[in-house]
Amino acid sequence: MNGSSVLRKHNFKNVLSILENRLFSTTSEATFETKPFKLHHLENGPSTTVTLSSEDALKYYKQMQTIRRIETAAGNLYKEKIVRGFCHLYSGQEACAVGMKAVFRDTDSIITAYRAHGWTYLMGIEPFGVLSELTGRKSGNARGKGGSMHMYAKNFYGGNGIVGAQVPLGAGIAFAAKYYGNGGVCFSLYGDGAANQGQVFEAYNMAKLWDLPCVFVCENNGYGMGTSSERSSASVAYYTRGDYIPGIWVDGMDVLAVREASRFAIDYCTNGKGPLVLETATYRYSGHSMSDPGTSYRTRDEIQEVRQTRDPITSFKEKIIGANLVNIDTLKAIDKEVKAQIDEAVKKAKSDTEIGLSELPGDIYSNPLETIVRGVTPFKNLEHIRVGPAVNLK
Amino acid sequence: MNIVNKFSLFNVPKYISSRLKRYSSHFVYHPEQISNEIGKTTKKNMYQAINSALDLVLNKDPNSVVFGEDVGFGGVFRCTMGLRDRYGKDRVFNTPLCEQGIVGFGIGLAVAGTTAIAEIQFADYMYPAFDQLVNEAAKYRYRSGNLFDCGKLTVRTPCSAVGHGALYHSQSPESFYAHSPGLKIVMPRSAYKSKGLLLSCVRDPNPCIFFEPKIMYRIAVDEVPDDDYELPLGKADVLVKGRDITLIGWGTQVHVLLEVAEMAQKEYGISCEIIDLVTILPWDKQTVTNSVKKTGRAIVSHEAPLTGGFGAEITASIQEECFLHLESPIRRVTGYDTPFPHVFEPFYLPNKWKCLQAIKELVNY
Ligand SMILES: Cc1ncc(C[n+]2csc(CCOP(=O)(O)OP(=O)(O)O)c2C)c(N)n1
Ligand SMILES: [Mg+2]
């Protein structure tokens, strides 16, 4: 088999060759063209020609499917009132996270806002840890103390409920990477709505002033709650809004394009050139959170159209099958495996217990002077305890 | 007074946290008893009462505007429903997501003579605007020698526990702002009060922060006057007269205290006087101290953490003014000095059992 087959339109010849290939074996590597990137203050951008191995194809497919399933499960748990409070789904945006994560090295890190379930899983937490955080149980990755929005893992600094607050933290994390000289890059994520918070611009300035290895990623899904980006933002060219910081627009529904742009960004930052802004053009299928049906400020047709023409999973699936990188049976087997895994995780997340009351006053300080936490209790004093092993401090 | 311990409620049942969970809300709403001289009324919940106040302002004051994140669509809690259709999108409009900008912009509008009513979607999101409120709004009049002020600014924001809000949708931050002379801070307990107090805030010539306990938006249903009416700022309400102890609260907590007073009367024959502080800044010291001089005992209860909560201020003032009248120490029944916890909300709240226990202890002191 020839190692590269470029997929264009499914013309008759292609279909024939696909059929032919399927009957025999799959190829181990294929090349694709991404949509063109838009560049701001950059002479050269990422390559629009990308190669993909069959191994990676399966990996990305599985990761995206897992995120989609986690989100579907989370939505159902919410409807069953087992997840309480808030729940923001990432369905539709899977390619953004999977594409970035694909090129992360051990030293790279990320911080995001509340649409964090997919990232938590990618950064190493099993789906069970994500779902049981949502259900507020003790196997949750923050022991149920964060609940929706507040999830963490190694090199994943959260999980944040206050819109925009995470962005300058990303700059600080990047500064630390530079200071320690570990070559790490920090991806600091925010939405098209959050892009209007003043802190974002403060962080841009610091990052450029000190040329920090920070990638500011604006996940533009078109809406901040019920407000479309056009109605919230004087400029919707988010990749240019860093002004003096170069930027790249990327099709955020194409995992390979995101991967390529992220690879470029990491190279750029590690070469000491300072920060970059990366805008991933994407879409969220669900409402903003579970209490928003998501249909009063956009049409059902709009959502349908994206699902049918731009879905990150379906389009990727077509692409890799079309290029004969994988065969459909393997994908079906993955679907089955993922479904079983998430079903199992849901079951456990429902039956897991909550942490005990002794943890209410846990981990407020690292080393409290006064160990009895003040408050009013008719029962007994609440003793401050140390529960969590800090993952950031060695 | 000697009180027999009838209940063994306070001997730590192990299953307490899961038991408390079963309550859907931690209080029983006590509807307002309003006199029928007040004119035509309509049954309204708190968000509808607030909507009605905003409607009146927009209708009567052509120089008034309402803005905030998604308020054009009615806002997260529906308080601004229908207003944009009635008054146009140049008077009722969505802002970008930028709290510091929203409040600063509101101050600018107000100082230039516009009645500016800003909504911050949750009180937990108002911290990015803390500087604007504390340094700019509160001090504008003072620092300009009264040449300028932003008294036409009102910031509305939902606050307090809602049952499942967790860390960033449950806080009661009133005491942070209470440390800023120049601001007025109000928290209504009911639908009826919310309309009258909001109208007062909007028309008061000082910048006001209007905290709306979000759990009450739907639960609090009263007969609310259709007409325009204002309720006084800086004036506490004595809701129940009593002899033995004064219970002071605001917002949702007033309803907890009303229930506790009934329990204390029924179970122990203790007569509680209940005060809704209504305005946190400036607070009605006179009403509080008059009451405590009579009862000789006091409890202040709020959802916010103990240390530095507004209860501390009230307690210190009572101590100063009523020292010789006191029969027992003054007690605070509050949240814990922890962040507002996700899984422990029922335990965290200063619920009726904790308040009742405190009453018992003070009366038996
Ligand atoms: C400081 C602050 N203001 C407001 C909110 C309420 N809020 C949560 S998400 C959101 C919209 C954010 O939109 P965007 O940044 O586009 O992210 P997306 O939800 O689309 O992922 C708003 C207004 C908040 N959590 N924090
Ligand atoms: Mg968005």
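**Close-ups of the metal and ligand sites in a predicted model**

**View 1. The magnesium ion (ligand 2) and its donors.** In this predicted model, A:Asp192 (OD), A:Asn221 (OD1) and A:Tyr223 (O) coordinate the magnesium ion (ligand 2) at 2.1 Å. Read along the sequence, the donor residues follow the spacing D-x28-N-x1-Y. A:Asp192 sits in the loop between β5 (186-191) and α7 (198-209) of chain A, while A:Asn221 sits in the loop between β6 (214-220) and β7 (223-224) of chain A, so this pair ties together parts that are 29 residues apart in sequence.

**View 2. Polar contacts to ligand 1.** The metal donors A:Asp192 and A:Asn221 turn up again here. A polar side-chain atom of A:Asp192 is 2.9 Å from an oxygen atom of ligand 1, and a side-chain N or O atom of A:Asn221 lies 2.7 Å from a ligand 1 oxygen. On the backbone side, a polar atom of A:Gly161 is 2.8 Å from a nitrogen atom of ligand 1. On its own, ligand 1 has 580 Å² of accessible area, and the protein covers 95% of that.

**View 3. The shell around ligand 1.** Count 20 residues around ligand 1, with A:Tyr114, A:Arg115, A:Ala194, A:Asn221 and B:Glu99 the closest. Chains A and B both contribute residues, so the site is shared between chains. By type, the shell splits into 8 nonpolar, 8 polar and 4 charged residues.

How values were computed: Residues numbered from 1 in each chain as written. Chains lettered and ligands numbered in written order. Predicted model: local features only at pLDDT ≥ 70, side-chain atom pairs only at ≥ 80, totals over all residues. Heavy atoms only, no water. Donors = N, O, S within 2.8 Å, 3.2 Å for Na, K, Ca; no water. Helix = DSSP H or I, 4+ residues; strand = E, 2+ residues; numbered from the N terminus. Near = heavy atom within 4 Å. Polar contact = N/O pair within 3.5 Å; in protein donor to acceptor, adjacent residues only side chain to side chain. Areas by Shrake-Rupley, 256 points an atom, 1.4 Å probe, with all protein chains shown as cover. Nonpolar A, V, L, I, M, F, W, Y, C, P; charged D, E, K, R; others polar.
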